[in-house]
Amino acid sequence: MINAIQAGQIQLNDLGLEQKQALLAHPNADIRKAAEMIMKSGGGLPNPDRQRVLDQYLPITQKKGDAPAGKAVFTKHCAVCHQYNGEGQAIGPDLTGMSVHPKAELLTHILDPSRSVEGNFRTYTIQTTDGLVLTGMLAGESRTSLDLIDSQGKKQTLLREDIDQLVGSTKSLMPEGFENQMTQPDMTNLLEFLTTKGKYVPLPLGKVATAVSTKSLFHDGPPTGPDRLVFKDWSPRTFEGVPFLLIDPQVDRNPNIVLLKGPLGSLPPKMPASVSVPCNASVKKVHLLSGVSGWGHPAIGEKSVSMIVRLKFEDGKTEEHKLLNGVHFADYIRKVNVDGSEFAYLFEGGQQMRYIPIEVKSSAVVTEIELVKGEDDSAPIVMALTIETAGSAEH
């Protein structure tokens, strides 16, 4: 292919960003060098000074864009790897709850995707024993094989015995140079679309998730034990009209729930006592897929505080909602009803997930929502969190 590009049989512009990035990360040094020379002469290399590119684009974050036009930009350029409200491919991070972040923060992730990339979205390059080179992110692995998924969503399973070289990168699967795919007005509209808050905004829990629900959560034991929460699929759910964004554990590799600290068992004592989720919106209600815990009612009989939902406001004030064992929380192991939450889902092993709505008293802007462990011995779980905004139209 390098020779064909040099001979003019293939145009450099016919290559996608991810293909150019794969060439520049090729395990063969001669190919890497030739690719870099071609791209330098042909203008195919993105500006390596990503901060300078970001500084050039930052003024658009102060402009008002066209959200419907931004949705068209998302569908054309982003949906191949990202989902928004169920549209698109679930390869990169789900963008459904990105409206809680300021435009400048989103722009940074778009223009400099490798600045702060989560481990499960890093790029790996594999060279097989017969010379095939594949680039993508690890979607799963076993003792005998690896699953690699590329930026087009195609998954390939490779036997370890057929792998000659496996190289991990600090680069994101999303390539640099995205700004070259669209105009600045397009980027302005895309940011407007991503930051427009509708009636419901699912808040991503990926960065604060503490445990993998498909593995043993409370005791050291077999990977098929009862202390697991397993769905057949991890697509978004809607309960009582409220959309919830689930995190795919990628079999058992990716933390997908918030498990808070508890004194009992082997894993809960290692968990944090609290986590905080950015919000940056005026909130009417907080909706939780939660209400279950290790050692919840009736294992612990008293109506003690299992978890506190603490809202932090822009004006520095806070509002606390104490969720009680035996009222809002029950044991996870089977369907156990309590009056303060509603049964929502049954997992494959017969375990339950419940639903808790919380009315917010203040109309001030909530900057973050903190989930705090209460004083009892239970180990509370939160699987998904969605806010209902105050006075917003459906997006």
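Me: What share of the contacts with a separation of 6 or more is between residues 24 or more positions apart?
Reply: In this predicted model, 69% of the protein chain's contacts with a separation of 6 or more link residues 24 or more positions apart.

Me: And what is the secondary structure?
Reply: The protein chain has seven helices and 21 strands. Its radius of gyration is 23 Å, close to the 21 Å from the globule rule for 395 residues, so the chain is as compact as a globular protein of that length.

Me: What does the C-alpha trace span along its principal axes?
Reply: About 80 × 55 × 30 Å.

Me: OK, strands. Which strands does β12 pair with over six bridges?
Reply: Strand β21, residues 384-389, is joined to β12 by six bridges, and strand β18, residues 352-359, is also joined to β12 by six. Both pairings are antiparallel.

Me: Which residues face each other there?
Reply: H287 has T386 of β21 as its bridge partner. K285 is partnered with E359 in β18.

Me: How many bridges are there between β12 and β19?
Reply: Seven, again antiparallel, between residues 274-290 of β12 and residues 365-373 of β19. V277 stands opposite I369 of β19.

Me: How many charged side chains, positive and negative?
Reply: There are 40 positive and 46 negative ones, and the centres of the two sets are 2 Å apart.

Definitions and conventions:
Residues numbered from 1 in each chain as written. Predicted model: local features only at pLDDT ≥ 70, side-chain atom pairs only at ≥ 80, totals over all residues. Heavy atoms only, no water. Helix = DSSP H or I, 4+ residues; strand = E, 2+ residues; numbered from the N terminus. Rg over C-alpha atoms; globule rule 2.2 N^0.38 Å. Contact = heavy atoms within 4.5 Å. Lys, Arg positive; Asp, Glu negative; His and termini not counted. Charge placed at Lys NZ, Arg CZ, Asp CG, Glu CD. Pairing = 2+ DSSP bridges.
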